[in-house]
Amino acid sequence: EDANILAGLLSHRLTTKSTAAQALRIYSQIRRPYAFESAHLAQQSGMLLFMHGMEDDSDPNIISARLQDNFDLRALVDPGEDLTQALTLLESTLSMQ
């Protein structure tokens, strides 16, 4: 996902040596929130799998439901939409220069 979005930005016709830093900032702006949330959910999932520090951690049904919730939250992000948003932002930012 990230490689596709990064490649889309860096291969865009408006991205040059002088504008590459702006393209990277846009990439970071679009993907950083997802990356942080994804890391947080991975940590939570690991804790659930090893049953550390969770209330009701002995009930497999609760553990399963929480793991599914974490998976469902990650699935809500569409990398195609992120790429479209990133390219739109790149074009609007760089076409003004």
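Colleague: How do α2 and α4 cross, and what do their axes tell me?

Modeller: Two packed helices are described by the angle between their axes and the distance between the axes. Here the axes of α2 and α4 come within 10 Å and cross at roughly 140°. Axes are lines fitted to C-alpha atoms, for helices over the stretch in contact, with angles from 0 to 180 degrees between N-to-C directions. α2 and α4 are therefore oblique to each other; angles under 35 degrees count as roughly parallel, over 145 as roughly antiparallel, 65 to 115 as roughly perpendicular and the rest as oblique.

Colleague: What kind of model is this?

Modeller: This is a predicted model, in which local features need pLDDT of at least 70, side-chain atom pairs count only at pLDDT 80 or more, and totals for chains, interfaces and linings use all residues. Residues are numbered from 1 along each chain, and side-chain values use heavy atoms, leaving out hydrogens and water.

Colleague: At what angle do α1 and α2 pack?

Modeller: Helix α1 (residues 2-10) and helix α2 (residues 20-49) pack at about 150°, with axes 9 Å apart. Helices here are DSSP runs (H or I, at least four residues), numbered from the N terminus. α1 and α2 are therefore roughly antiparallel. Contact means heavy atoms within 4.5 Å; D2, I5, L6, L9 and L10 of α1 make it with A23, L24, I26, Y27 and R31 of α2.

Colleague: What does L9 touch beyond its neighbours within four places in sequence?

Modeller: L9 is in contact with T15, A23, I26, Y27, A86, L87 and L90.

Conventions
Helix = DSSP H or I, 4+ residues; strand = E, 2+ residues; numbered from the N terminus.
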